[in-house]
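This briefing is intended for reading alongside the sequence and the coordinates. Please keep both at hand while working through the points.

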Amino acid sequence: MRKGDLEAYARKHFGLTLYSFLKKKAKDEALYDHEIAGILGVSRGRIGELRRGLGISKKDGFEARFERKHGKGAVAQFKNLIENPATSLADVGNTFGFSREYARLVYREIYGIPYTAAARRKREERERIRMEYSKRAQPMGISKMKDIRYEMDVRAKVDGAYNKTQDYRDREYQLLVQK
């Protein structure tokens, strides 16, 4: 189709000039050239040529396309999942139905930086949480356990029971810890 024919088609079907139609589709709706070409029934190359000739640049509409494909609010959901220290790229990918590698690429598209810094931050946060949990799970610290062991050894020597077996010492230790 010639430019004049496309102009007439855009006016008839969309009520817009060709320039306004291409600008709306390329910039506002973030459609690719091949998607616009499908609407107008021409080749992708022809749309690219017209768009460049009219001075219309493409919008990086990754987020709009992502939401169009995965539903409204998908970008916000992706951000919430990816920033949670407990979720991995594989978990995020499984939620949306794509691979871990594609989740990494989506992260790069949305945030504009590689995932490595976020992965390091998430790993450090998981380690901090693990350490806090392990401190709560062990009310008796290592130094307290060493003190009990030393006290048992001293008591055994004082009582004159130098020949206690290791099993007996372990049983005594368990009884002392349970008290």
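The model is a predicted one. The protein has 179 residues, of which 26% are buried. Its secondary structure consists of 11 helices and 0 strands.

**Overall make-up**

- Read from the N terminus, the order of elements is α-α-α-α-α-α-α-α-α-α-α.
- Taking contacts in the protein between residues at least 6 apart in sequence, 50% link residues at least 24 apart.

**Packing of α2 against α3**

- Two packed helices are described by the angle between their axes and by the distance between those axes.
- Helix α2 covers residues 18-28 and helix α3 covers residues 33-40; the two pack at an angle of about 135°, and their axes are 10 Å apart.
- This angle makes α2 oblique to α3.
- The crossing in which α2 passes α3 is right-handed.
- On the α2 side, the contact is made by Phe21, Leu22, Lys25 and Ala26, and on the α3 side by Ile36, Ile39 and Leu40.
- Sorted by class, the contact of α2 with α3 comprises 6 nonpolar, no polar and 1 charged residues.

**Packing of α2 against α4**

- Helix α4, residues 44-53, packs with α2 at an angle of about 105°, with the axes 10 Å apart.
- The two helices α2 and α4 are therefore roughly perpendicular to each other, since angles of 65 to 115 degrees are classed in that way.
- In this contact, Leu18, Leu22 and Ala26 of α2 meet Ile47, Leu50 and Arg51 of α4.
- The contact of α2 with α4 is made up of 5 nonpolar, no polar and 1 charged residues.
- Leu22 and Ala26 of α2 take part in the contact with α3 and also in the contact with α4.

**Packing of α3 against α4**

- Helices α3 and α4 pack with their axes 8 Å apart, at an angle of about 105°.
- This pair, α3 and α4, is therefore also roughly perpendicular.
- The residues of α3 that make the contact are Asp33, His34, Ile36, Ala37 and Leu40, and those of α4 are Arg44, Ile47, Gly48 and Arg51.
- By class, the contact of α3 with α4 holds 4 nonpolar, 2 polar and 3 charged residues.
- Ile36 and Leu40 of α3 contribute to the contact with α2 as well as to the contact with α4.
- Ile47 and Arg51 of α4 belong to the contact with α2 and to the contact with α3.

**Aromatic residues**

- There are 11 aromatic pairs in the structure.
- One of them joins Phe62 and Phe66 in a stacked arrangement, with 5.9 Å from centre to centre and 25° between the planes.
- Phe62 and Phe66 are separated by about one helical turn, because they stand 4 residues apart in helix α5 (residues 62-70).
- Both Phe62 and Phe66 are buried.
- A single aromatic cluster is formed by Phe62, Phe66, Phe78, Phe96, Phe98 and Tyr102.

- Val75 is located in helix α6, which spans residues 74-83.
- Val75 counts as buried because its relative accessibility is 5%, and the cut-off for buried is under 20%.
- Leaving aside residues up to four places away in sequence, Val75 touches Glu63, Phe66, Glu67 and Ile110.
- Among these contacts of Val75 is Phe66, which is also a member of the aromatic cluster.
- Val75 and Phe62 lie 13 residues apart in sequence, with 9.9 Å between them in space, C-alpha to C-alpha.

**Two partly exposed positions**

- Leu105 belongs to helix α8, residues 100-111.
- With a relative accessible area of 37%, Leu105 is partly exposed.
- Along the chain, Leu105 and Tyr115 are 10 residues apart, and their C-alpha atoms are separated by 8.4 Å.
- Arg123 is part of helix α9, residues 116-137.
- Arg123 is likewise partly exposed, because its relative accessible area is 49%, and a residue counts as exposed at over 50%.
- Arg123 and Ala86 are 37 residues apart in sequence, and the distance between them in space is 9.1 Å, C-alpha to C-alpha.

Notes:
Residues numbered from 1 in each chain as written. Predicted model: local features only at pLDDT ≥ 70, side-chain atom pairs only at ≥ 80, totals over all residues. Heavy atoms only, no water. Axes fitted to C-alpha atoms, helices over the stretch in contact; angles between N-to-C directions. Parallel < 35°, antiparallel > 145°, perpendicular 65-115°, else oblique. Left-handed = near helix turned anticlockwise from the far one by under 90°. Contact = heavy atoms within 4.5 Å. Nonpolar A, V, L, I, M, F, W, Y, C, P; charged D, E, K, R; others polar. Phe/Tyr/Trp six-rings, centres within 6.5 Å; stacked < 30°, edge-to-face > 60°. Buried < 20%, exposed > 50% of the residue type's maximum accessible area, 1.4 Å probe, protein only.
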